[in-house]
Amino acid sequence: MAATAGAEVVGKTVQRLPVPEKTTYIGRGKLDEIAALKSSLGYNVVIFDDELSPLQQRNLEEALAVKIIDRAALILDIFARTARTREGRIQVALAQHQYLLPRLAGQWQHLERLGGGIGTRGPGESQLETDRRLIKTRIARLEKELEQVRKHRRLYREHRKKSLVPVIALVGYTNVGKSTLLNTLTGAGVGVADKLFSTLDPITRRIRIPDGRDVLVTDTVGFIRKLPPTLVAAFRATLEELDEADLLLHMVDISTPNAALQSQTVEEILKEMNLAKKPRITVVNKIDRLLDSGKTWGEKSALEYLKSQVIGVAENTVLISAAKAWGLNDLLAMIAKVLPPPIAVVQGHDAL
């Protein structure tokens, strides 16, 4: 994530504690160790792979004399860089303001601790209240704008339901190849980049599956471990697309060493969203990266080799390479098999 945000990583350290230190997150010894590395590494930012409290962030900045960024702020920065549409920018701006509000209060705790009376009625306290009010007003305005987005999406989904065209949603950890698959299947022309969160807004295209049905395929924002709650709330309008889908394609990047952990993260998020029981196909992507690069592999030979030698294919699991268009016929056949049967309208009543 740091590289995606444009940072150059010069060092990394890990500390395991039963619970984080209340005031500095890390222990005193680890803090001294990081401070001692400043002269040799020349770092000017320290990123923590967890969300920090305003107090922890302020104390760390005072101790290390550099900018401190936590996991939530880093993800928000990446989202801000990636947002292209008006909807995406609104969602990111809302999450940023919701993240800032409690930290704004934390930055002024030295005034609040003094209590009322002499020495506290000055421009500092007034400025804090002004900043709080401005941010709350901005949050309310952004929430209103997002509600309009939700209303528009709701009307669009109702129209889709009336058309009786099934909807398939691509889900998965960020950067597993969802946009590449959508492009390969539909020629959608979605922007693709080998970086995190290259897609923030749902993009929907129509394809035809082997049983003759037309279906809509929607690309959605990628998941990530420890996704900040503010982002989940801000992207509610986007994530509602998953709730309305008839079938989920859970894509997994098999080429990464963290494939199992990433897959588990996605499953946990789907469970939290009450989507665990929705019809599902597991799409194991980037299989071409598992093959001997010195040998010329065709689609058939690659799939047969991996099915027999590398991966035991479970039920409703398909091996593909979205970039090379391998396994797409198998995927389309699986979609036709797993997708709930079409609904026919008979004399104004819904019937199977």
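Beyond its neighbours within four places in sequence, Lys-226 is in contact (heavy atoms within 4.5 Å) with Asp-49, Asp-50, Arg-71 and Ile-75. The structure is a predicted model, in which local features need pLDDT of at least 70 and side-chain atom pairs count only at pLDDT 80 or more, while totals for chains, interfaces and linings use all residues. Residues are numbered from 1 along each chain as its sequence is written, and side-chain values use heavy atoms, with hydrogens and water left out.

Lys-226 is placed in the loop between strand 5 (214–219) and helix 9 (229–234); helices (H or I, at least four residues) and strands (E, at least two) are DSSP runs, numbered from the N terminus. Lys-226 and Asp-49 lie 177 residues apart in sequence, with a C-alpha to C-alpha distance of 9.2 Å.

A search of the whole structure finds one aromatic pair (ring centres of Phe, Tyr or six-membered Trp rings within 6.5 Å; planes under 30 degrees apart are stacked, over 60 edge-to-face, the rest tilted). Tyr-25 and Phe-48 form this edge-to-face pair, at 5.7 Å centre to centre and 90° between the planes. Tyr-25 belongs to the segment before helix 1 and Phe-48 to strand 1 (residues 45–48), so the pair ties together parts 23 residues apart in sequence. Both Tyr-25 and Phe-48 are buried (under 20% relative accessible area; exposed is over 50%, partly exposed in between; 1.4 Å probe, protein chains only).

Leu-31, Ile-34 and Ala-35 of helix 1 meet Leu-60, Ala-63 and Leu-64 of helix 3.
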